[in-house]
Amino acid sequence: MNLRKKFAVGMLLAGLFLSACGNEGGNESKKADGANKQEASETIKLGNSAPLTGPLSIYGQTTNNGIKLALEEVNANGGILGKKVDWVEYDDKGEITDAVTNYNKLMEDKVDAIFGGVPSKPALAIAESSVNDGVLYITPTATQANITEGKPNVFRTCFTDPFQGEVLANFSKEKLNAKKVAILRNQSSDFSMGVADVFEKKAKELGMEVVADESYGDSDTDFKAQLTNVRGQNPDVLFIPDYYEKVALIAPQVKEAGIEATLVGADGWDTVLSVMDESSFSSLDNSYFSNQFTLEDPSEEVQTFLKNYKEKFGEIPSTFAAEGYDTVYLYKQAVEAAGTTEWAKVIEALKKVEFKGVTGSFTYDENNNPVKTAKMIRIENGEYKFDSDAGTNK
């Protein structure tokens, strides 16, 4: 073989070797590139995917409002690590396919972290997409348990569905002295089904009798048949774990059916009064739901947040707004502890964080879920009233 041929063969073999090495380390290279790409940048870029239109838009809009208020404050006070923070947002309408598309857009935007995926289904899709890239992802509001499980780069600011189910069963037993409970659940909703399953199991463990377990679908608007069955069992508590728009339809029909049970729900009830006519408010009198935030918290942090939010947006903040707000300051604390925006180092800082925000104080457990205390909220005369602390997910 002449010298020219030997050289060509050598170059070919070298190319194959480098190609193999490149494929073997492809994910790590991608992570390293993403982790370090803005170290020399003058700004920090954050972004999210949220339902800004569609039936769940109130959740996405208020979450983003909380985030934007916090970012405005942060930038007015010198930014993070001396850098201004930029923000980009995309509308996913609460749909999984749109959420994944938006995730890819955010990665193309070279964001330093992703917040959002407000409802659990799109949040889970983003979380699963994010694992291979290693990008830091914090959902402010998505409560489904498996969003963070087995995903070291994924965190949440809110507590989980299983925790709510246990809290609400304990509250029904200890505070409401319930002996018989009924469940009315949305079989089309992972959120509703997940909380209901844990509530049912815990209620039985506590010695309460589950006398009815009725279900409906997302498109249902008439609940007469299910409520007739519930009324026949005369429960002390009727548990309705669903989002606000369904609760707004169900509650007046519960009253019309002559059911005298105390209504109990999960954090999806937040903002329910905003979509109800005042003439229907009485159907929710003396009902309760678990939440992560109370407007009646007298602390300076919460009262300042309430004042600034109302001045900026002309309305009272929801829990979703408070969780979005806290997520920004949580990220800021972790980045400043890490001294960098590099994903892996911020993730390690988050695992060790001791955070105090408007939704409470917390550290993280082994599944990147915050260890925090639930609040029970009572609805009375068209207002949300703090009732009690209702347990911590230790």
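Which residues are linked in a network of salt bridges? They are R185, D197, E200, K204 and D213. A salt bridge here is a side-chain nitrogen of Lys or Arg within 4 Å of a carboxyl oxygen of Asp or Glu.

Before going on, a word on what you're looking at. This is a predicted model, where local features need pLDDT of at least 70 and side-chain atom pairs count only at pLDDT 80 or more, while totals for chains, interfaces and linings use all residues. Residues are numbered from 1 along each chain as its sequence is written, and side-chain values use heavy atoms, with hydrogens and water left out.

**The chain as a whole**

The protein chain has 12 helices and 15 strands. These are DSSP runs numbered from the N terminus, with helices (H or I) of at least four residues and strands (E) of at least two. Of the 394 residues, 52% are buried; that means under 20% relative accessible area, with exposed being over 50% and partly exposed in between (1.4 Å probe, protein chains only). If you take contacts (heavy atoms within 4.5 Å) with a separation of 6 or more, 68% of them involve residues 24 or more positions apart.

In soluble globular proteins, nonpolar side chains tend to be buried together. A nonpolar core is a set of buried Ala, Val, Leu, Ile, Met, Phe, Trp, Tyr and Cys residues joined through side-chain atoms within 4.5 Å. The largest one here has 60 residues, and L238, V272 and L284 have the most contacts inside it. Helix α9 (residues 244-256) gives this core its largest share, six residues. Leaving out residues up to four places away in sequence, L284 touches V247, A251, L263, W269, V272, L273, M276 and I379. There's also a second, separate core of 52 residues, which includes V88, A113, A127 and Y309.

**A five-stranded sheet**

Five strands line up as β2-β1-β3-β4-β5 in an open sheet with parallel pairing; two strands pair if DSSP finds at least two bridges between them. The edges belong to β2 (84-91) and β5 (154-156), each with a single partner strand, so one side of each has no neighbour in the sheet. From one strand to the next, the twist averages 25°. β4 (residues 137-139) pairs with β5 over three bridges in the parallel sense, and T139 stands opposite R156 in β5. Helix α11 (residues 319-338) packs on this sheet, touching β1 (43-50), β3 (113-116) and β4, and its direction makes about 160° with that of β3. For these angles, axes are lines fitted to C-alpha atoms, for helices over the stretch in contact, and values run from 0 to 180 degrees between N-to-C directions.

**Back to the salt bridges**

The structure holds 19 salt bridges. Here are some of them:

| Pair | Closest N and O atoms |
|---|---|
| K84 and D86 | 3.9 Å |
| K356 and E301 | 3.7 Å |
| E336 and K332 | 3.0 Å |

K356 sits in strand β11 (residues 355-357) and E301 in helix α10 (residues 300-313), so their pair ties together parts that are 55 residues apart in sequence. K356 is exposed at 58% relative accessible area, whereas E301 is partly exposed at 39%. E336 and K332 are four residues apart in helix α11, so about one helical turn separates them. E336 counts as partly exposed at 38% relative accessibility, while K332, at 19%, counts as buried.
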